[in-house]
Amino acid sequence: MSAAASAPRPRLAALGRRPLDALGSLMRRSPKAAAGIVILLVLSLMAISAPLWTSYDPTSLAFKSMLTPSRLHPLGTTFVGQDILSQLLYGARFTMLIGLLTGLIATLIGTAVGISAAYFGGRFDEIVNGIINVVLVLPGFPLLIVAAALLENAGDWAIIIVISLTGWAWGARVLRAQAMTLRRRDFIDAAVSTGEGPGRIIFREMLPNLSGIIAANFFGTALYGVLSESGLKFIGVGDVTQPSWGSMLYWAAGHTALLKGAWWWVMAPGLCIALLGTSFALLNFAIDEIANPKAANAGRLRAARRGKGRVLASQSAAQTLTRPNMKIQPPNPAALLSVRHLTAGYQTPQGPVRAVRNVSLDVMPGEFLGLAGESGCGKSTLAFAATRLLAEPGEVFSGQSVLEGVDLLTLSESELRRRRWKDYSMVFQASMNVLNPVLRVREQLYDAMQAHGVTDKAKLDARARELFGLVGIRESYLDVYPHQLSGGMKQRVVIAIALALEPKLVVLDEPTTALDVVVQRQILEEIQAVRRRLGIGIVMITHDLSLLTEMSDRIAIMYAGEIVEEAPSSVLQSAPLHPYTRRLMTAFPPLGGERTRREGIPGRPPSLALDLTGCPFAERCDSVMPICSLQKPVLSDLSPGHRVACFLHASPEQLTLAKPEVNHVLASD
Ligand SMILES: Nc1ncnc2c1ncn2[C@@H]1O[C@H](COP(=O)(O)OP(=O)(O)O)[C@@H](O)[C@H]1O
Ligand code: SF4
Ligand SMILES: [Mg+2]
C-alpha cells in the first residue's frame with residue numbers, strides 16, 4: 001500500500017471531531033452545507049422563541065373567522081378563528097421534533113444494522129442484507145398510511161415509530177457498504193490483532209470513521225420524517241388538532257383556503273416545510289459529498305470465495321499429506337515459535353494460489369530470525385498464517401504454528417485474542433495505515449494496553465512515555481493525530497504499540513520499506529536495542545538480504561513459497577550454498593563498504609498458482625541439472641543449523657529416494 005493510500009482523509013476525519021468544530025469546518029468547506037445550516041438555525045430559532053413573537057395560544061378560538069393579515073394577526077386567522085402565525089411558530093416545534101426523533105431513531109437502527117452486518121459478515125450479513133432489500137422495495141407511503149391508520153389511537157409516538165421503522169433501510173444499506181470497505185482497512189485488522197473485541201472495534205475504531213455518513217444519513221431520514229408526517233397529517237391521519245405544519249395544511253385544504261383567497265394560510269406552512277426539507281437535503285448532500293460513500297456488495301463474492309476456499313483446503317491438505325518421502329517433524333519444544341508443515345494460500349478468480357508450501361521453521365527465545373526472498377515468494381503469507389492473522393481470501397490449509405507449546409492455529413477466537421499482543425505482536429508491511437486517523441496516538445497506545453486489562457491511567461501514561469522513549473520519539477508527540485507525524489514517526493509509533501505489552505515474539509514484515517535509508521537504519525537500530533533490552537524474539541521479513549545479514553542471528557531464505565536455505569547469519573554471509581541465496585546476496589548492496597555493481601536475478605519466480613514438480617528455481621538456476629526439473633529437493637542438514645534444499649548439496653539418501661524415472665535419468669547421466 002502506498003503512503004498516499006495511508007494518508008488520513010482529513011475532510012472525513014474532521015466530521016468526527018467536536019460537533020461545533022465539525023459544523024464550522026463543514027460551513028467553510030461547502031456552500032450547500034452553509035445554506036442548509038443557516039436555514040435550519042432560523043427555523044429552529046423560530047420554534048424555540050415562539051412565545052417572543054406571539055402572545056396567542058395556537059389552539060385558542062378567540063378571534064374572528066378568516067381575518068386577513070393585519071398588525072394584530074400578521075398571517076390572519078383560520079376558519080375557526082385561530083391565529084395562523086402562532087400556529088406556524090408553535091407548529092414548527094412539533095414538526096421539527098418529529099424530524100429530529102425520526103431521524104435519530106431511523107439512523108440508530110440503520111447504523112446498528114448496517115455496521116453489524118458488515119462487521120460480522122457471512123450468513124448474518126446475507127440475512128440482514130435480505131431484510132434491508134425487502135424493506136427497501138416495500139412502498140413507503142402507502143405502508144405508512146396503513147400502519148398509522150391502524151395505530152391512530154396510539155398517539156404521536158406511534159407515528160414517530162412507524163415513520164422510523166419504514167425509513168431506516170436506506171441508511172443501513174449505505175452504512176453497510178461503507179463499513180465493509182472500512183472493515184478491510186489495515187487499522188481495523190490491526191485492532192483485531194491487538195485483541196480488541198467487536199464492540200470496541202465497532203464503537204471506537206469504525207464509528208468515528210463513519211461519522212460523516214451517519215450524519216448525512218440522519219439528515220436524509222429527518223427529511224423523510226418531516227415529509228411523511230406532513231403528508232400523513234395533510235390527509236388526516238394522526239392527531240390533526242395538534243398544531244403542526246402538516247395539520248395546518250389539512251385544515252387549510254379542508255376549508256378551501258385557496259378558493260376563499262386566504263393563500264397565506266396554505267403558503268406559510270407549505271413554505272416552512274419546503275425550507276426545512278431543503279435545509280435537510282442540502283446538509284445531507286453536503287456531508288454525503290464529503291464522506292463519499294462507496295457502495296460495495298462483497299457478500300456474495302466472499303461467500304463464493306469461502307466455498308472455493310474449502311475445496312482448495314482439502315486439495316492442498318491432501319497434497320501436503322500424501323507427498324511421498326515426506327518426513328513429518330514434530331514441533332521443537334525448545335523453540336519460542338515452532339512452525340511445522342505449514343501450507344497456506346489464497347483463492348483467486350484465476351484459481352487457488354499456494355503461497356506457503358509445507359514450511360517448517362523455528363524461532364528460539366530471544367532470537368532475531370531474518371526471513372528474506374524476492375517479492376511475491378510468500379514471506380508475508382507465512383508471517384500472517386503463522387500468527388493466525390491471514391484474512392480472507394487467505395486460508396491456512398494445514399500445519400501447525402506452536403508458540404510456547406500452544407498451537408495458535410487450533411486456539412478458540414477468545415483465547416487467541418487474549419494471547420495476541422500479549423504473547424506476540426506484529427508490525428505490518430504498510431504499518432502507517434494501521435493507525436486510526438481520527439484517534440490521537442496516545443489513545444491508540446492505550447487501546448492496545450486496555451484491551452489486555454491495563455486500565456490504571458497513571459500506569460498507562462507512564463508506559464506510553466516509556467514506550468515512546470524506547471522507540472526514540474519525544475513525549476510531546478503522544479497527543480497528536482497520525483497525520484501530524486512523518487512516515488518514520490508513524491512507523492515508530494506502530495512499533496511502540498507492538499511492544500506495549502512486552503510480547504515474547506514480534507514479527508516485523510518489511511517494517512521500513514517505505515522509508516528513506518537513514519530513517520530505516522535508525523529504526524532498525526532501535527529495534528535491535530529494544531530486543532537486547534527486553535530479550536524478545538524477533539522475526540524480520542525483508543527482500544533486502546544484506547540488511548538482514550547485519551542484524552539477524554539466523555536467516556531463512558524463501559523462494560516460491562518454500563524455505564530453500566536456512567543458516568546462522570555469519571555462515572550464510574560467508575558461505576551461501578543455494579544458488580538462489582548466492583544470487584540474492586549479490587542483488588543488494590551491503591549497508592556499509594565500497595559501492596559495487598549489483599546484478600539482478602534474471603527471470604521471475606514461478607507462479608504460485610502452479611503445482612511445481614521439480615526445483616522451483618530450476619528455470620533461473622545456472623547450475624541446473626537433469627534431476628532438478630524432475631524432483632523437488634528437500635531441505636537437508638549440512639552442518640548444525642545449516643539446511644539447504646538443492647541437489648548440488650543433496651545427501652546420498654535423498655538421491656536414492658528419487659522416483660524411478662529420476663534414477664533412470666541419473667543412471668544415464
Ligand atoms: N490477497 C491475495 N489474493 C491472492 N493472492 C495473493 C494475495 N496476497 C498475496 N497473494 C499472492 O501470494 C503470493 C505470496 O505473496 P506474499 O506473501 O505477499 O509475498 P511476499 O511477502 O514475499 O512479497 C504472491 O504470488 C501473491 O501474488
Ligand atoms: S536443485 Fe538444481 S535447479 Fe534447484 S537450485 Fe539446486 S541446482 Fe539449481
Ligand atoms: Mg510481503
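I worked from a predicted model, where local features need pLDDT of at least 70, side-chain atom pairs count only at pLDDT 80 or more, and totals for chains, interfaces and linings use all residues. Residues are numbered from 1 along each chain as its sequence is written, and chains are lettered from A and ligands numbered from 1 in the order in which they are written.

**Ligand 1.** I listed the 14 residues around ligand 1 (near: C-beta, placed from the backbone, within 6 Å). Tyr346, Ala355, Lys379, Ser380 and Thr381 come nearest. I then checked which elements supply the shell (DSSP runs, numbered from the N terminus: helices H or I, at least four residues; strands E, at least two). Helix H16 (379–386) gives the largest share, three residues. Strands E1 (337–348) and E2 (351–363) supply at least two residues each.

**Ala567.** I found Ala567 in strand E10 (residues 562–568). Buried or exposed? Ala567 counts as buried because it has 25 C-beta neighbours inside 10 Å (buried: 20 or more other C-beta atoms within 10 Å of its own; exposed: 12 or fewer; partly exposed in between; C-beta atoms placed from the backbone). Arg554 lies 13 residues away in sequence, yet 5.7 Å away C-alpha to C-alpha.

**Sheet.** I traced an open sheet of eight strands with mixed pairing, in the order E6-E7-E8-E3-E9-E10-E12-E11 (strands pair if DSSP finds at least two bridges between them). E6 (424–427) and E11 (636–639) are the edge strands, each pairing on one side only. E11 runs antiparallel to E12 (residues 642–644), joined by three bridges. Ser636 stands opposite Val644 in E12.
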